[in-house]
Amino acid sequence: MDTKTFGALAEPNRFLIIELLKKKSCSVNEFVKLLKIRQPQVSKHLRILNDAGLVIVKPIAQRRIYSLNPEAFFELDQWVNSFNKLWNDRLDNLDEHLKLINGRG
């Protein structure tokens, strides 16, 4: 898992862009209207998200249409789920410990 992903998602406007892209692909101008921030700021946020591999940009005539990169979110999901075994093991150990101290083990 690339740490750029977390840096990109840590900024509130970039996080909001990702949330908006869950619903539909958008152009830079659509983000300007939805986020109520200036075009250079939107472009900077989109460049950072693109550099982190979270979005894909598709040029259509003079417009740039942004969408989510599913592969990046698959990797993020795998990374998060890698902690399931860790927590399940710890909770199982806690359960065994509680049974022992309560005389049920």
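Q: What makes tyrosine 66 count as in contact with residues elsewhere in the sequence?
A: Contact means heavy atoms within 4.5 Å, and, leaving aside neighbours within four places in sequence, tyrosine 66 is in contact with Leu21, Ser25, Cys26, Val28, Phe31, Leu46, Val55, Ile56 and Val57. Tyrosine 66 lies in strand β3, where strands (E, at least two residues) and helices (H or I, at least four residues) are DSSP runs numbered from the N terminus. The model is predicted, so that local features need pLDDT of at least 70 and side-chain atom pairs count only at pLDDT 80 or more, while totals for chains, interfaces and linings use all residues. Residues are numbered from 1 along each chain as its sequence is written, and side-chain values use heavy atoms, with hydrogens and water left out.

Q: How do you know whether serine 27 is buried or exposed?
A: The relative accessibility of serine 27 is 7%, so serine 27 counts as buried. Serine 27 lies in strand β1, residues 26-27, and, leaving aside neighbours within four places in sequence, is in contact with Arg63, Arg64 and Ile65.

Q: What makes α2 and α4 roughly parallel, antiparallel or perpendicular to each other?
A: Two packed helices are described by the angle between their axes and the distance between the axes. Axes are lines fitted to C-alpha atoms, for helices over the stretch in contact, and angles run from 0 to 180 degrees between N-to-C directions. Angles under 35 degrees count as roughly parallel, over 145 as roughly antiparallel, 65 to 115 as roughly perpendicular, and the rest as oblique. The axes of α2 (residues 12-23) and α4 (residues 39-51) come within 10 Å and cross at roughly 70 degrees, and the two helices are therefore roughly perpendicular to each other.

Q: Which residues of α2 and α4 meet, and how do they divide by type?
A: Asn13, Arg14, Ile17 and Ile18 in α2 meet His45, Leu46, Ile48 and Leu49 in α4. The residues of this contact divide into 5 nonpolar, 2 polar and 1 charged, where Ala, Val, Leu, Ile, Met, Phe, Trp, Tyr, Cys and Pro count as nonpolar, Asp, Glu, Lys and Arg as charged, and the others, Gly among them, as polar.

Q: What makes a set of residues a nonpolar core, and which members touch the most others in the largest one?
A: A nonpolar core is a set of buried Ala, Val, Leu, Ile, Met, Phe, Trp, Tyr and Cys residues joined through side-chain atoms within 4.5 Å. The largest such core has 20 residues, of which Phe31 and Leu54 touch the most other members. At least two residues of this core come from each of α1 (3-10), α2, α3 (28-35), α4 and α5 (70-81), and α2 gives the most, with 4 residues. Leaving aside neighbours within four places in sequence, leucine 54 is in contact with residues including Leu9, Ile18, Leu49 and Phe73, as well as Asn69.

Q: How do you know how accessible lysine 36 and alanine 61 are?
A: Lysine 36, in the loop between α3 and α4, has a relative accessible area of 72% and is therefore exposed. Alanine 61, in the loop between β2 (55-60) and β3, counts as exposed because its relative accessibility is 72%. Phi is positive in lysine 36, near 60 degrees, and in alanine 61, at about 55 degrees, although alanine 61 is not a glycine.

Terms used: Buried means under 20% relative accessible area, exposed over 50%, partly exposed in between (1.4 Å probe, protein chains only).
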